[in-house]
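Subject: Structure handover

Hello,

Here is the structure you will be working with. My notes on it follow below.

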Amino acid sequence: MTDTEHAYYLQEVAPILPATVLDFHTHTWSSDTWKERPWETDREGAKYMVTDERYSAEQLLADGRACFPDRDYQAVCFGYPSPAVDWAEDTKYVAEEAKRNRGLWPLVLAGPSLGVSREGYEEALDAGGFHGFKVFMNWYGDDYGDMRVEDMVGPTERALANERGLVMLLHVPRRGRLADPVVQAGVRWLSAECPRAKIVLAHCGRCYLPGEMKAAIACLRGLDNVRMDTAMVMDPVVLQIALNEIGPGRLVFGTDFPIAAMRGRRVQVWDHWVDVVLPGYPPSAFRVEGDNYHAGYMAREIVLAIRWAADMVGISDAERDGIFHDNGMALLKKE
Ligand SMILES: [Zn+2]
């Protein structure tokens, strides 16, 4: 890291971080647990996200410490939510990585299409030390088609999440994101079906742009068991809209490492987000590289977006600390 980048961190980012930063959305994987390499197949969408074959927990924690060098970095982590993955192998891998490393809070992949029995989940939850479910995405790419929330969480997953008060991290489907009425009906249904589960919508319900959040946020009114994580959300206005509607208590900081370990920023261009990054990353959809500007870790850009949103809405320092740590820790507490 350059001195300039570190100085920028100390001046702009560090002052609003609490002593411990809890990152509620990260991944760890090894291709040893995969059935195939997605981008080597001809399936539609399989080349959407090209990744390294391995992202160990050590690397995840190293990235967290590099981004937030003077803070205690902890992370909720889960495997590779893709059809490429072998559930049993991925579950074993994530459990072992979390046990070997301090400060990790693992979630197990879950969904009816995985065909896991109740006993299978119970064993993972009890012996593997998992704190809840990362709902499995049984698709490649960003074509989330006509999938419904109701198809993504089965009766076994719902029953267990409700009985045990588990975290249930959900990446909402469909082109319309959380603004889609079918998705909203699904989230309402899940919230009512699992009142004791701690439902977290990944990437703020995939609303990266102000217009998307504005169209979506009202559906969370009154759904107190539904929260949102900030993974890859770098637009302050998106978070301002969210804070105004649901308040700081239902927002948790998340990065989406390893993606947010890239240097660059997610910006709006026309009607979609685009990741503007420094050179050296593999080509990917909606990713543009350049070398004639400064850029730092995307994870820090997420912090800055929270900083500006918090400032505009006028939440207290304690409420802001809640977003970076306390809110998430409360969800992880076993009942
Ligand atoms: Zn993710």
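Helix 4 and helix 6 are oblique to each other, since oblique covers whatever angles are left after under 35 degrees (roughly parallel), over 145 (roughly antiparallel) and 65 to 115 (roughly perpendicular). This is a predicted model, in which local features need pLDDT of at least 70 and side-chain atom pairs pLDDT 80 or more, while totals for chains, interfaces and linings use all residues. Residues are numbered from 1 along each chain as its sequence is written, and side-chain values use heavy atoms, without hydrogens and water.

The angle between helix 4 (residues 118–127) and helix 6 (residues 155–164) is about 40°, and their axes are 10 Å apart. Axes are lines fitted to C-alpha atoms over the stretch in contact, with angles from 0 to 180 degrees between N-to-C directions. Helices are DSSP runs (H or I, at least four residues) numbered from the N terminus. On the helix 4 side, Arg118, Tyr121, Glu122, Leu125 and Asp126 meet Thr156, Glu157, Ala159, Leu160, Glu163 and Arg164 of helix 6 (contact: heavy atoms within 4.5 Å).

The zinc ion has three protein donors, His25 (NE2), His27 (NE2) and Asp256 (OD), at 2.1 to 2.2 Å. Donors are N, O and S atoms within 2.8 Å of the metal (3.2 Å for Na, K and Ca); water is not among the atoms, so sites may look incomplete. Along the chain, the donor spacing is H-x1-H-x228-D. His25 counts as buried at 2% relative accessibility, and His27 counts as buried at 9% (buried: under 20% relative accessible area, 1.4 Å probe, protein chains only; exposed: over 50%; partly exposed: in between).

Regards

Definitions and conventions: Helices (H or I, at least four residues) and strands (E, at least two) are DSSP runs, numbered from the N terminus.
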